[in-house]
Amino acid sequence: MTRTARGLLDIETFIISKVIVDDTVDFLRGVGTKGAEGFVLWAGRIEAPGPFRFQTVMVPEQRPIATDRGLLVVVEGEALFALNKLAYERKEILGGQVHTHPTSAYHSDTDDHYPLVTLVGALSVVLPNFAKHAPRDIAEWAWYRLMEYGHWEPLNKQTNVVLE
């Protein structure tokens, strides 16, 4: 479960299996068919000497909400604590969050300032169209990295995402 003093910022490669992607898409698409956004977390481990391998899809207890300003997902603190505790017990790190948008994939101000995963260096992935065409549309997914609290940047060329 080792991580550096810089969180996951020193990790250059993230490995995501087809099972992780498929389980994520199945949940998000199911929620999306009801016209709601959904949220999942990815947990995993740092493999010595370097890559981070996602091993577990975690679905927090969540409540989708539609407002005049758009859609959002509420995850209560107790539910988030329970998943953090489970990840710790499994010797895993919450290193990624994935959610949907009803149209295009991007990081909104709400996404920037109210993330579920707050470890610097972690990934945030946004799927467009309620994951309706996922994973075929993976080229349209928006991939971000937490550089410091509240500051997410699109993945740069130094960060590799390996799908296997």
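Student: What volume does the largest pocket have?
Tutor: The largest pocket has a volume of about 610 Å³. Keep in mind that this is a predicted model.

Student: Which residues lie nearest its centre?
Tutor: Leu71, Leu72, Ser108, Thr110 and Asp111 lie nearest the centre of the largest pocket, out of 24 residues that line it.

Student: And which element gives the most to that lining?
Tutor: That is β5, with five residues. At least two lining residues each come from β5 (70-74), β6 and α3 (109-113).

Student: How does the lining split by class?
Tutor: The lining of the largest pocket has 12 nonpolar, eight polar and four charged residues.

Student: Change of topic. How many aromatic pairs are there?
Tutor: The count comes to five aromatic pairs. One of them is Phe14 with Phe54: the ring centres are 5.9 Å apart and the planes are at 15°, so this pair is stacked.

Student: Why does 15° make it stacked?
Tutor: Because planes under 30 degrees apart count as stacked, and the planes of Phe14 and Phe54 are at 15°.

Student: Where do Phe14 and Phe54 lie?
Tutor: Phe14 is in strand β1 (residues 13-16) and Phe54 is in strand β3 (residues 52-58), so the pair ties together parts that are 40 residues apart in sequence.

Student: Is Phe14 buried or exposed, and what about Phe54?
Tutor: Phe14 is buried, at a relative accessible area of 0%. Phe54 also counts as buried, with 3% relative accessibility.

Student: Which residues do ring pairs link into a cluster?
Tutor: The cluster linked by ring pairs consists of Phe14, Trp42, Phe52 and Phe54.

Student: On to the largest nonpolar core. Which residues touch the most other members?
Tutor: Trp42, Leu127 and Trp141 do, in a core of 22 residues. Elements giving two or more residues to this core are β1, α1 (18-32), β2 (39-46), β3, β6 (93-100) and β7 (123-127). The most comes from α1, with four residues.

Student: Which residues are in another core, apart from that one?
Tutor: The other core has 14 residues, among them Leu41, Met58, Val75 and Leu94.

Student: Back to Trp141. What is it in contact with?
Tutor: Leaving aside neighbours within four places in sequence, Trp141 is in contact with Val21, Val25, Ala105, Val125, Val126, Leu127, Pro128, Ala134 and Pro135.

Student: What kind of peptide bond joins Ala134 and Pro135?
Tutor: The bond between Ala134 and Pro135 is cis, with omega about 0°. Pro135 lies in the loop between β7 and β8 (142-148).

Student: Which residue has phi near 55°?
Tutor: Asn129 does, a positive value in a residue other than glycine. Asn129 is in the loop between β7 and β8. Ala131, found in the loop between β7 and β8, has a positive phi of about 65° although it is not a glycine.

Student: Buried or exposed, those two?
Tutor: Asn129 is partly exposed, with a relative accessible area of 29%, whereas Ala131 is buried, at 0%.

Student: Last one, where is Gly38?
Tutor: Gly38 is in the loop between α1 and β2, and Gly38 is buried, with a relative accessible area of 0%. Neighbours within four places in sequence aside, the contacts of Gly38 are Phe27, Leu28, Val31, Gln62, Val73, Val98, His99 and Thr100.

Student: What separates the C-alpha atoms of Gly38 and Leu71?
Tutor: They are separated by 10.0 Å, and Gly38 and Leu71 are 33 residues apart along the chain. Leu71 is one of the residues nearest the centre of the largest pocket.

Conventions: Residues are numbered from 1 along each chain as its sequence is written. This is a predicted model: local features need pLDDT of at least 70, side-chain atom pairs count only at pLDDT 80 or more; totals for chains, interfaces and linings use all residues. Side-chain values use heavy atoms; hydrogens and water are left out. Rings of Phe, Tyr and Trp (its six-membered ring) pair if their centres lie within 6.5 Å; planes under 30 degrees apart count as stacked, over 60 as edge-to-face and the rest as tilted. Buried means under 20% relative accessible area, exposed over 50%, partly exposed in between (1.4 Å probe, protein chains only). A nonpolar core is a set of buried Ala, Val, Leu, Ile, Met, Phe, Trp, Tyr and Cys residues joined through side-chain atoms within 4.5 Å. Contact means heavy atoms within 4.5 Å. On a 1 Å grid over the protein atoms alone, a cavity is a set of points where a 1.4 Å probe fits but cannot get out, and a pocket is an open set with protein on both sides within 12 Å along at least five of seven lines; lining residues have an atom within 4 Å of a point. Grid points are joined across faces, edges and corners, and a volume is the space filled by probe spheres set on the points. Ala, Val, Leu, Ile, Met, Phe, Trp, Tyr, Cys and Pro count as nonpolar, Asp, Glu, Lys and Arg as charged, and the others, Gly among them, as polar.
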